[in-house]
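Trainee: Could we take a close look at a single part here before going wider? I'd like to start from one residue and then see what surrounds it.

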Amino acid sequence: MSVAAIGNYHHASHDSAARFSDPLLYVAWDEHMMFAAPVVLALSPDTTFEHLKAKVLHKLYGEHPDFKLIDWARVQWFRGDVMFTPKMDKSLADHGFGHKSVLRFRTPGLEGLRGSCG
Amino acid sequence: MDKRVEKKKLDIASRYAAMSHDLHWDTTYQTADKVYPFARYEGLQIHDWKKWEDPFHMTLDVWWRQQGEKERRLYAVMDAFAQNNGQIGVSDARYINAVKLVLQVFSPLKYTLHRAFAHAARNMPGDAMRIATLLQASEELRHSQLEVHAASVYNKYFNGMHDTPRWHEQAWYLAPAKSFAEDAATAGPFELLVAISFGFDSLLSDTLFVPAMSGAAHNGDLSMVPASFSSQADTARHKALGIATVKFLLQQDPANAAIVQRWVDKWFWRSFRLMPLVAMLQDYMLPKRISSFKEAWNEFVESPVTELFAELAPYGLQLPAGWQQACDAKDHLSHQAWNMFYGYGQAVAFHTWVPEPDELNWLDRKYPDSFDRWYRPRLAYYAQREATGHRYYNRALPMQCQVCQQPMMFTEQGAPRWIAYRNTQHAGEAFHFCSDHCEHIFAHEPEKYVQAKLPSHEILHAQRADSVADPLQASLAAIGVDTARDTGEFKHSEDAQNFETWGGGQDMKEAQL
């Protein structure tokens, strides 16, 4: 549908990829709502999953008591709601992540503070 | 000599006609369409403007007198409160944060609505509706001012109130309220009326008056009480106007029903997305509790709104699309909102805390189906960290819904384990939403919402993400928030220390013993 208006109503998107030096990536650790909402980062598309795991996720989520218990071999990764298996030496772009993609990861067996998803 | 004839006083109906319909004139040297350029483009069919009347038959002279009387009474109470150092007599300094929230969220929002209604009043082609809209414009302004006056006594003694209009414009966590008001203000005049007088005032505004009025009174705040009391009298009228307007639009032409239904769906949901703030105000921020948000929702929303829509069913109007989902969320809303604000406590201009043990038990009693299972463990962990000197703060920028601009903190209906994600592609770009209903709002007018300035994105655009340790807090400092004084844990705040030094809250404690 289009906007009902008294004149021409054409506006470009405010947050298109061109506005940012790096694409925006949304990140969430499922079932861990001590981090109340997914977060948004501006991250180079060349970032590898190894770097992401060791640096980015550690910085974001490292202080959660579950974080050091994560068995990374069992982690389930999602691009939006589609599960995939990342190659750790490959980049976000290699795995099809673009501007405003969502990266979620799930850690079976770890369900937040006392199982509360907190 | 002629005898002077005393003019007979008009009865109410005649005076209303004289002061509304009779003020109308038809344009002569310009077409009506040019004088009222916003009258038709929303697509409504209106055949007879004379059919709309203010159910209260309010006219400017009566309005003037009534508001004047209310004003005299409430300023007498507010002055007495200030002169008697009433700020020391409130239940607990935590309560002041409820005042801050009202001042940051709702008072500036009402100011925007004042401007919106003034614009609608200028452009409303129906005479009686124009008068009513003009009065509502004046009232929105008055309510905004009253709250500022009522809070000014606290501003002298407590932090976090010194520049609230600016924060409302720019603070990341106030974006949902700003966006709500601006969405309504940039809609056509009829959508505005349905949005605010019906969507917010008729359906949900009572939930705000419970904490703002009963809650304030219960916590010894006799400054905000008369202000809220005075506003509520007006809002009761706005509700009636909203309902009268919706009925009028539906009666004028059967083709209007689809448009009105879409607006009702949209504005119920947009109003509902302000409810997290109201819910946590009531469940977490009132040290002396009255009732839970869930109880208020049941009594003031669920029952009356169901009855109202039964009454509107013959006109072809159904309950809003998000109704059931909203009702189901009442067990979770306040807890999810407080969890979010507590975590981001370093980057909001009011204080946050973990409730005391007896307060946690109260929450459990009020929310037996959700609190212990999902929310208490988080609070227990936060309390434990705070006690060992490691207060938890979340320093990452939250993802926000493209439409309501709330952080994406809401869970799937019936599944509090999973955050709800919705997304769509528009012109080759991804857009994300917190719910089906926000997605539907976007889908109808994508060009409106692609312009949204989502605070997290604005911060990322302005700052190098990795160059600032706490970009959210830095964004507040940049707009005049004193982050050392205005933000963070309540226990260590200057507010708490001062209140203690002044012997605050003693009267109420003694009264309890």
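Leaving aside its neighbours within four places in sequence, which residues is B:Trp418 in contact with?

Mentor: Two residues come up: once we leave aside the neighbours within four places in sequence, B:Trp418 is in contact with B:Thr411 and B:Glu412. Contact here means that the C-beta atoms, placed from the backbone, lie within 7 Å. Keep in mind that this is a predicted model, where local features need pLDDT of at least 70 and side-chain atom pairs need 80 or more, while totals for chains, interfaces and linings use all residues. Residues count from 1 along each chain as its sequence is written, with chains lettered from A and ligands numbered from 1 in the order written.

Back to your tryptophan. B:Trp418 sits in strand β2 of chain B, which covers residues 415–419. Strands (E, at least two residues) and helices (H or I, at least four) are DSSP runs, numbered from the N terminus.

B:Ala427 has 11 C-beta neighbours inside 10 Å, so it counts as exposed. Its phi is near 50 degrees, a positive value in a residue other than glycine. That deserves a glance because most residues other than glycine have a negative phi. B:His57 also has a phi near 50 degrees, and it too is a residue other than glycine. This histidine is in the loop between α2 (32–35) and α3 (60–83) of chain B. With 15 other C-beta atoms within 10 Å, B:His57 is partly exposed.

Now zoom out to the chain that holds these residues. Chain B has 24 helices and 4 strands. Its C-alpha trace spans about 90 × 65 × 45 Å along the principal axes, and 50% of its 513 residues count as buried. If you take the contacts in chain B between residues at least 6 apart in sequence, 80% of them join residues at least 24 apart.

Helix α4 (residues 96–123) and helix α8 (residues 189–202) of chain B have axes that come within 9 Å and cross at roughly 135 degrees. The axes are lines fitted to C-alpha atoms, for helices over the stretch in contact, with angles from 0 to 180 degrees between N-to-C directions. On the α4(B) side the contact uses B:Leu113, B:Ala116, B:Ala120 and B:Asn123, and α8(B) answers with B:Pro189, B:Leu192, B:Leu193 and B:Ile196. Sorted by class, that contact has 7 nonpolar residues, 1 polar and no charged ones. In this sorting Ala, Val, Leu, Ile, Met, Phe, Trp, Tyr, Cys and Pro are nonpolar, Asp, Glu, Lys and Arg are charged, and the others, Gly among them, are polar.

The other pair is helix α15 (residues 333–343) with helix α17 (residues 371–387), again in chain B: their axes come within 11 Å and cross at roughly 20 degrees. From α15(B) you'll find B:His335, B:Asn339 and B:Tyr342 in the contact, and from α17(B) B:Phe371, B:Tyr375, B:Arg378 and B:Tyr382. By class, the contact of α15(B) with α17(B) has 4 nonpolar, 2 polar and 1 charged residues.

What about the partner chain? Chain A has 1 helix and 5 strands, and along the sequence they run β-β-α-β-β-β. Its C-alpha atoms fill a box of roughly 60 × 35 × 25 Å along the principal axes, and buried residues make up 34% of its 118 residues. Where the chains meet, the contact takes 40 residues from chain A and 44 residues from chain B. On the chain A side, β1 (24–29), β2 (39–42) and β5 (101–106) each supply at least two residues, with the largest share, 4 residues, coming from β2(A). By class, this side of chain A has 24 nonpolar, 10 polar and 6 charged residues.

Key: A residue is buried if 20 or more other C-beta atoms lie within 10 Å of its own, exposed if 12 or fewer, and partly exposed in between; C-beta atoms are placed from the backbone.
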